[in-house]
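Let's go through some of the calls and ask what backs each one up.

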Amino acid sequence: AANKYEQRQSDPRGNSYGEYRNMKQDKLDQQLSSAKQSELFKDLLIMLNGRLEPSASYLRQLIGQHGGQVVFQYTSGVTHMICQNLSASKFNIFSKRKIPIMYPKWVLMCVEQQKLIDTNDFIIQEIAEKLDIQQQTQISPIFQISQLNQSQFLEQQKQTEEEKQVLQLIESTQTTALVSSVLQPLNISQLSQLSPLSGTSPQAFYNVNRQVPQPQENTVQRYHESSRLHQLTQFKLNAQEFLIKNPPYGPKPTDTARPLFIHIDIDCFFCQASFLKLPTSKQQQLHGYPLAVSSNIKNASNSTADISSCNYTARRLGVHNGMWVSQAVQKCPNLQLLEYDFDFYNKLSLQFYDILRQFSSDIMPISCDEAYLKLSGIYTQQEDIKIIKQKIYSQLQLSTTIGLGENLIQARIATKLAKPNGFMFLNKEVFQQVIKDKQVDFLPQIGFKITEELKNMNIFTVEDLQNADIKLLRENFGEVKGQNLLNEANGVDFLLFQPIQNLLKQKSLQVSKNFNVRISQISVFKQLVFELLQELNQRSTDRQLKLNKLSITVNVAAANNKQFMKKMGCGVCNQVRSTIFIHKKCDQCVEELVDSVVNKIKMEDVRGVDVMGFVGEVKNIVQSKELGQNAQKKVEFWEKLQQQSQNTAEKQEIISCDDYFDALQQIDDQDVANALRKVFSAQCLCRGNLEEAFKLGIDGVEDMFEDKWRWL
DNA sequence: CCAGTGTGGTAG
DNA sequence: ATCGCTACCACACTGG
């Protein structure tokens, strides 16, 4: 499969634009090979930026022939800027420094007339005007002047406004049927019509031959719409967002009082919610039956669909979450299957948190149906706490369980023991007693693998774990995990209470598809990666996260892949991952990244793909491969400089880019200056600040302004 | 020792 | 068919 890819790469028919461009270039070279023709542009340093017509290389040679110098990135002494497309930030840089901005036509006309035409005739006034429009409407810093005139732009703007209104209308109706029939996901070609950013089609991006039949588009979006695990993670993020926007206003816990925590969890949330959605007659009919939620399946006895949630009647009959429907109906033939209603779950979840807001001002959301609350001293009676349960039941008809404890683990275990519809208080002594006889996997953070590992150490029950040798635990599980295991067996906290107001910025963002993935051709793999990236792009933009690293993880079928395999599932897999730092145009980074994973795998073994983005973090960038050998020394010098300016500027946290810039101008040694510029640009990229990185002029950064991806 | 990269585990 | 997502932590390993 890898060979096929290489063939495609070198196949000129697959890359006709490149071929054409090369031919054109040869021709231009021949025309321009003659010697210097005039001193027209003597003493001028002209910066060429972005895609130009005529091409940048043609302009460079033309300017050279007439005595001028050309650069492609901003350096001091630039006298003219030539471009067709310009971002707001770039415009600001050049207008601030009073450097004239001109269309390429200026060069041609100067040469034709053999004189320097007054720059005022050519300065890109309309760019400024359009950028004003764009800032008012807050659309995108990227604006394709060459392709759009003002009225076209406004027309597109109108379309997207209409689109928004429609979406809002649909959202406000809250009707599942309407949503599924009206809100069909857009396909890629529709997207590119809608987006003011678009210019390149996905096909062009991956260089895929148009004759090859494309797989169905938007598989990722469609898939996620019905994936319970996807929805579950989104619900949690929605709950967090809700609490940030609508902060808890309940009693403020006092520092002096002994802290108490409750853990509250809606009993079999999906199951209760789906039941509520049934008509009353159906509810009466099913009263007392074992119930479970799963996808709408036709042949239950043969299905590997997962039981997503089941009621406690079903659990007593041996059904549990995550079980296959076929196994469940075998154990429990009376099991009644309910359907998902994700929109309803989400709505209930937010209402649940809305109720919790009034009971404490310190809430730590764990998932869509589960949270910790720190209690203030006013809750002295258990009855006070049970009011929370009553309120949720009376307003949402959902039964909950509350665990009360001196720390999170105690509260958590109390809930687990009290389920369903219960209440329990645990302190350290009671905890250690009641938990003794449970299997180790009763405790949180002990899953399948750790249980197996503990079995090998002859540790089966929590009591065994309580008495285990800490040295041995640390040896087998690592310093942290080993200590945590012992702690939680003894009811000692290892989880920090973090109320929503302490919520840190998300550190990573991931989009996955590890179901129903079978790939034979590299082009199909790339199409899937493209769709995942598009989704990643969308989410990072929506959540205003700036990403500076990208990862692709591929699930590759292991030798025992087919063991326990769910139909269409990924089976037992090994994971293969590659990561890249986004330091130049995202398209190029992505291509490098894809090639790097593709080289590690066989297409026919692929069972799933994840793409992950990392939110920018300023770490030590010094050792980065991009920065060359002597970067360390240069950085030390740089930091001294920074410290000096920090002192004079009264301890600013971050020195502004302009300060750096002016300091750089004063450095005589060009090598040092360039290295420092590179280092600081890289630091800016790490912070996800493309504009600053650009100002310092790291190679390739200017191209990133034209990216259709919005990661930085 | 440091920092970056890759792997693996867990939860709901 | 059926919808095995995703955030975050810890750690081993590598190369200086």
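Q: What makes Cys 332 count as buried or exposed?
A: Bear in mind that this is a predicted model. Cys 332 has a relative accessible area of 3%, and buried means under 20%, so Cys 332 is buried.

Q: How many disulfides does a search of the whole structure find?
A: The search turns up zero disulfides. Take Cys 332: the nearest cysteine sulfur belongs to Cys 310 and sits 8.9 Å away. A disulfide needs the two sulfur atoms within 2.5 Å, and Cys 332 is in no disulfide.

Q: Why is His 263 called buried rather than exposed?
A: His 263 comes out at 0% relative accessibility. Buried means under 20%, so His 263 counts as buried.

Q: Where is His 263 found, and what is it in contact with beyond its neighbours within four places in sequence?
A: His 263 is in strand β5, residues 260-266. Leaving aside those sequence neighbours, its contacts include Glu 370, Tyr 372, Thr 401, Gly 403 and Arg 412.

Q: What makes α13 roughly perpendicular or oblique to α17?
A: The axes of α13 (residues 269-277) and α17 (residues 342-356) come within 10 Å and cross at roughly 110°. Angles of 65 to 115 degrees count as roughly perpendicular, so α13 is roughly perpendicular to α17. The crossing is right-handed. On the α13 side the contact includes Phe 269, Phe 270 and Leu 276, and on the α17 side Phe 342, Tyr 345 and Leu 348 are among the residues involved. By class, that contact has eight nonpolar, two polar and one charged residues.

Q: Why are α23 and α24 called oblique rather than roughly perpendicular or roughly antiparallel?
A: Helix α23 (residues 470-477) and helix α24 (residues 479-489) have axes that come within 7 Å and cross at roughly 135°. Roughly perpendicular covers 65 to 115 degrees and roughly antiparallel is over 145, so α23 and α24 are oblique to each other. This crossing is right-handed. Among the contact residues are Arg 474 and Phe 477 of α23, plus Glu 479 and Lys 481 of α24. The contact divides into five nonpolar, two polar and three charged residues.

Note on methods. Residues numbered from 1 in each chain as written. Chains lettered and ligands numbered in written order. Predicted model: local features only at pLDDT ≥ 70, side-chain atom pairs only at ≥ 80, totals over all residues. Heavy atoms only, no water. Axes fitted to C-alpha atoms, helices over the stretch in contact; angles between N-to-C directions. Helix = DSSP H or I, 4+ residues; strand = E, 2+ residues; numbered from the N terminus. Parallel < 35°, antiparallel > 145°, perpendicular 65-115°, else oblique. Left-handed = near helix turned anticlockwise from the far one by under 90°. Contact = heavy atoms within 4.5 Å. Nonpolar A, V, L, I, M, F, W, Y, C, P; charged D, E, K, R; others polar. Buried < 20%, exposed > 50% of the residue type's maximum accessible area, 1.4 Å probe, protein only.
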